[in-house]
Structure formats: C-alpha cells, structure tokens
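Good morning. I will take a few minutes to go through one structure, and I will keep to what can be read from the atoms.

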Amino acid sequence: MKRSMLVAFAALVAAAAFLPGASAQAGEGTVIEATTAAGERVQLLPDGRWKFIDQAKQAEAKKIADTYPENHLRPEGAQGGWFGTRVLMPGDKDYNRGTLNPKMR
C-alpha cells in the first residue's frame, strides 16, 4: 500500500467527522461504510480506525501494518513497558512485587 493511499484514507476519516449531521445519522458506536476517492470500500470504526471491506486487501494492509514497531503493544495482563522499561509477564519473579520502599512495606 502506498503512502499516498494512506494519506487519502486519513483525509477520508477526517472528512467524515465534519460531515453535516454525521453524528446524528451514525450515532455513537456505529460503523460507517464509505468509499474512498480511489474507489476502495472501507469501514470507518467508532474508535477512529478504518479497515477494508474486501478481506484480501485487509489482510495485505494488516501485513504491512505489522511491520511498524508502534503496532506491537505489550500483551494483555503484562506489567511495565513504560518509558522503555522491560515488560513483565505473569509468572516472572518481579511480577506484582509491590514497592521496594522499606517505609511502605
């Protein structure tokens, strides 16, 4: 997928937010189906993301999105990972150890 295509989709999502009566028509939490200027059919999700309706194109887009490091978040239930610290998984000896401050123990 080309960068210009991603920019076009971002513009589509931004434009959909400013359509007159868009919030009254769609309502909170409703998926909106739209067509881009390139003719691609997409779904605009309530959390601001979008995805292709065509599953083959969606799979290709996901493969490309998985190459970006910002899309690799810490797993559910893990601790840490803030400001470059390590991620602690359940079962690690340091998982949920509490404070190391002797006044607080």
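A definition comes before anything else: a salt bridge is a side-chain nitrogen of Lys or Arg within 4 Å of a carboxyl oxygen of Asp or Glu. Please also keep in mind that what you see is a predicted model.

Take Lys62 and Asp66 as a worked case. Their side chains meet in a salt bridge, with 3.3 Å from N to O. That counts because 3.3 Å falls within the 4 Å of the definition. Lys62 is partly exposed, at a relative accessible area of 48%, and Asp66 is also partly exposed, at 36%. Elsewhere, salt bridges that share partners link Arg86, Asp92, Lys93, Asp94 and Arg97 into one network.

How many salt bridges does a search of the whole structure find? The search gives 8.

Before I show two more of them, here is the layout. The protein has 3 helices and 5 strands. Read from the N terminus, the order of the elements is α-α-β-β-β-α-β-β.

Now the salt bridge between Lys57 and Glu40, where N and O are 2.4 Å apart. Lys57 sits in helix 3, residues 55-65, while Glu40 sits in the loop between strand 1 (32-35) and strand 2, so this pair ties together parts that are 17 residues apart in sequence. Is Glu40 buried or exposed? Glu40 is buried, because its relative accessible area is 14% and the cut-off for buried is under 20%.

The side chain of Arg49 makes a polar contact, at 2.8 Å, with the side chain of Asp47. If we set aside neighbours within four places in sequence, Arg49 is in contact with Gln43 and Leu44.

Next come the rings. A pair of aromatic rings is described by two things, the distance of the centres and the angle of the planes. The structure holds 1 aromatic pair. Which residues form the pair, and how are their rings placed? They are Trp50 and Phe52: the ring centres are 5.3 Å apart and the planes stand at 85°, so the pair is edge-to-face. The label follows because edge-to-face requires planes over 60 degrees apart. As for cover, Trp50 is partly exposed at 24% relative accessibility, whereas Phe52 is buried at 4%.

I will end with some totals. The protein has 105 residues, and 15% of them count as buried.

Conventions. Residues numbered from 1 in each chain as written. Predicted model: local features only at pLDDT ≥ 70, side-chain atom pairs only at ≥ 80, totals over all residues. Heavy atoms only, no water. Phe/Tyr/Trp six-rings, centres within 6.5 Å; stacked < 30°, edge-to-face > 60°. Buried < 20%, exposed > 50% of the residue type's maximum accessible area, 1.4 Å probe, protein only. Contact = heavy atoms within 4.5 Å. Polar contact = N/O pair within 3.5 Å; in protein donor to acceptor, adjacent residues only side chain to side chain. Helix = DSSP H or I, 4+ residues; strand = E, 2+ residues; numbered from the N terminus.
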